Each structure stands twice: as C-alpha cells, then as structure tokens.
Amino acid sequence: MSRVLVTGGAGFIGSHLVENLLAEGHSVLIVDDLSTGRRQQIPDHDRVEFVHLSVAKWLETHPSELFSEAYHLAAAVGVRKVVEDPFGTIINNVVETASLLQFLAASSTPTLLASTSEVYGVGQGRPFRETDDSVYGSTTVARWSYAHSKAVDEHLAFALEDELPSVVVRFFNTVGPRQRGEWGMVLPRFVQAALENSPIEVHGDGTQRRCFADVRDVVGSLPVLLRTPQSRGLPVNIGHDEPISILELAEMVRSVLQSSSPIKITPYDQAWGSGFQDLQERVPDLSRARELVQLQPSRSLSETIRDLADSIRMEAAL
Ligand SMILES: NC(=O)c1ccc[n+]([C@@H]2O[C@H](COP(=O)([O-])OP(=O)(O)OC[C@H]3O[C@@H](n4cnc5c(N)ncnc54)[C@H](O)[C@@H]3O)[C@@H](O)[C@H]2O)c1
C-alpha cells in the first residue's frame, strides 16, 4: 500500500479521483483549501487524511513525507472566478504550482499535473492536437489569465523533467455528479435551472460546440497515464470527442429532466463583461491518449445529466 498526494482532492474531479485511488488500495493525503471544494466530498475513510490548507501554506509546514505519486489538481477554476480575480488566479496557478513542483522534484515523485484545453487558446485546431500552437487573446482580457497560467504550469513541469517524472493532462469539458455551476460551469448551471424550471441561460448565440466527458469515465485513466513510462514528459488531451452545441445541450437538459424552463440567450458581454472572447468549437484529438491508455467506455450524456441532477437534488436535501 502506498501513500498518494492529491491536491484539490475535495474538488469535483479530485474527489472522484480519490475514490478511485482508495479502491485501488492506496492511502491518500488530500491538501485542499476548500476555496471551491467541499469537505463533504472527501470520502470518510481510514485511508484518507485531509489537510485544510492551501498548497503554499502546506509547503510552509515543511512536509517531510514521501509519496509514491502526486496528482496536482488544485487551481483557481471557473470563468467567473478567473474574470473576477485574474491576479489571484495567476498567483494560485503559477506561484503555488512552481513551489509544489520543486518540492516534488526533490524526491523525484511521479506527478500528474492537471492542465486544460484552454491552453490552446483561440487556436484553429480542428480537432486540437497536443503538438498544435497555442494562440491567445490579448492580456487585457482577464479570462486568458487562466490559459496563460496553466500553460506556464506545463512549462514548469517540462523544465523540471530531469528531476520530476511527470505527465500533463489537458482536460476538456469534464462533467458529472458533484460539479457545481456557481463559478460558471455550463452543465451544472443548466441542470440547476432546469430543476427549478427557471430560465436556462445560454451565453453567446449557443452555436458554439463543446465535448463533454463524464468524470467517472475520465478519472480511471489518470493513474494509468501516470504509471505509463511512455507518457512521461508529454501533454495528453483527455475528454470526449463528439461535440454538441450549447443550445442543443440546453435543449437536451430540458428534455431529459422534463423541465419547463425557457432557454434564454445572453450575449457574452452581458454575461462576462465587454471584450470576452470564446471559441466556436473545442474538440480534442484523442489519438495520443488512446495510444497510451484504454479510454473507458463513455456514459451517455443523458445519463450524466440525470446523475448530476440527482447529486444536486441530494445536496439540496442535506
Ligand atoms: N472540470 C473541468 O472541466 C476541467 C477542465 C479543464 C481543466 N480542469 C482542471 O482540473 C483541475 C480540477 O478542477 P475541478 O473541475 O475539479 O475544479 P474544482 O474547483 O472542483 O477543484 C479544484 C480544487 O482545488 C482546491 N484549491 C484551489 N486552489 C487551491 C490551493 N491553492 N491550495 C489547495 N487547494 C486549492 C479547491 O478548493 C478545489 O477543491 C483543475 O486544475 C482545473 O484547472 C478541469
């Protein structure tokens, strides 16, 4: 039995990953400041230890423990959080990550770094391949601070490659039970609105297309990727590769949940402020991931919507 570090383990993807690692027999140390994560998402298990600190504060305690693996998921996440606090986003995602990676490099701990499809920026990839160039909007547009910060994280991991065995995972839209909409995540926002029969607010004109992968299909591939020597030093796209328009997604949510919600179109500048930029289509090329791991069979989007609705209902009942 080995001890694994999961930063951000009280969050959406992190909590599912922790369950997976426990099922494999590992013991897990979660470091999470609960800025967007929740204590009730941490499994109540004798092989889980939780440190309620930011990564930076935890490192200040001079931890001496060695870990068999580390998964760095802690980050400022969500468009709303990023546009409201671009400075904090950069400090969190870059400065704290740099310190953590240095700490893990000192013990050559195999490390998975969570990155994002946002690092492709407004690139023209159809679909996006890991070797594509990144093309970003202006630094005066706050939303790009997230993409830039994650791209710097990737550079940091690759720069430490001699000491730090690492893999960088570029998550495309990942959805499922426990995800929350308050920081702008589209599917939980739609599901919450549908459950309340209140307007489902589509930002932009709704023709933009995205691919949604169920978190439970995604997390199983993370430990496999980290333990596959061929993935070392590589960025790897992870997600689903069948796009759906955001308007179709809103209609699907309404129909699956038999909701009477109207669909309301809200222009980007009203939703996120003037100058907001978004991409018309974001689809991953998953060939590299498929060469490295067996991607798990996908749950249907309708099933994910139903399960997400159940988790929102359950939480409301608590
Ligand atoms: N969900 C997606 O679709 C998606 C897409 C692309 C990338 N990602 C990446 O995956 C990772 C997990 O995202 P998520 O969707 O689970 O979001 P989340 O907000 O649920 O998880 C992030 C967790 O990190 C914690 N955290 C934030 N800053 C911290 C810090 N400095 N120290 C300690 N804990 C801190 C939060 O409290 C939260 O529990 C992030 O790195 C994110 O950038 C997610």
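**View 1. Helix H6 and what covers its buried residues.** The cover over the buried residues of H6 includes E7, strand E8 (200-203), H9 and H12. Helices here (H or I, at least four residues) and strands (E, at least two) are DSSP runs, numbered from the N terminus. This is a predicted model, in which local features need pLDDT of at least 70 and side-chain atom pairs count only at pLDDT 80 or more, while totals for chains, interfaces and linings use all residues. Residues are numbered from 1 along each chain as its sequence is written. Eight of the eleven residues of H6 are buried, so the helix is mostly covered; a residue is called buried if 20 or more other C-beta atoms lie within 10 Å of its own, exposed if 12 or fewer, and partly exposed in between, with C-beta atoms placed from the backbone. Those buried in H6 are Val186, Leu187, Pro188, Arg189, Phe190, Val191, Ala193 and Ala194. Have a look just after H6, too, where Asn197 takes a positive phi of about 55 degrees.

**View 2. Helices H6 and H9 where they cross.** The axes of helix H6 (186-196) and helix H9 (246-256) come within 9 Å and cross at roughly 40 degrees. Axes are lines fitted to C-alpha atoms, for helices over the stretch in contact, and angles run from 0 to 180 degrees between N-to-C directions. From H6, the contact is made by Val186, Phe190, Val191 and Ala194, and from H9 by Ile246, Leu249, Ala250, Val253 and Arg254. Two residues are in contact if their C-beta atoms, placed from the backbone, lie within 7 Å. H6 passes H9 in a right-handed crossing; the crossing is called right-handed if the near helix is turned clockwise from the far one by less than a right angle, and left-handed if anticlockwise.

**View 3. Helix H12 and its two faces.** Buried residues of H12 are Leu301, Thr304, Ile305, Leu308, Ala309 and Ile312. They lie on the same side of H12, because they cover an arc of only 135 degrees around the axis; the arc is that of the directions from the helix axis to the C-beta atoms. The face turned away from this buried side carries the exposed residues Asp310, Arg313, Met314 and Ala317. Packed against the buried residues of H12 are strand E7 (174-175), H6, strand E10 (213-214) and H9. The length of H12 (residues 301-317) agrees with expectation: at 1.5 Å a residue, its 17 residues should span 24 Å, and its end C-alpha atoms are 24 Å apart. The expected span is 1.5 Å times one less than the number of residues.

**View 4. The seven-stranded sheet.** This open sheet has the strand order E3-E2-E1-E4-E5-E6-E11, with parallel pairing. Two strands pair if DSSP finds at least two bridges between them. Strand E3 (48-51) and strand E11 (235-238) stand at the edges with a single partner strand each, so one side of each is left without a neighbour in the sheet. On average, neighbouring strands are turned by 20 degrees against each other, direction ignored. Helix H5 (residues 144-159) packs on the sheet and touches strand E5 (111-116), strand E6 (166-171) and E11. The direction of H5 makes about 155 degrees with that of E5.

**View 5. Strand E1 and its neighbours.** Strand E1 (residues 3-7) is mostly covered, with four of its five residues buried. E1 pairs in the parallel sense with strand E2 (residues 27-31) over five bridges, and Leu29 in E2 is the bridge partner of Leu5. Four bridges join E1 to E4, again running parallel; here Val4 has Glu69 as its bridge partner in E4. Moving on to E3, four bridges join E2 to this parallel strand, and Val31 is partnered by Val51.

**View 6. Strand E4 and His72.** In a regular strand the side chains alternate between the two faces of the sheet. Glu69 and Tyr71 point one way from E4, Ala70 and His72 the other way, and all are buried. His72 lies in strand E4 (residues 69-72) and counts as buried because it has 26 C-beta neighbours inside 10 Å. Leaving out residues up to four places away in sequence, His72 touches Thr7, Thr97, Leu100, Thr111, Leu112, Leu113 and Ala114. Three bridges join E4 to E5, which run parallel, and Leu112 in E5 is the bridge partner of Tyr71.
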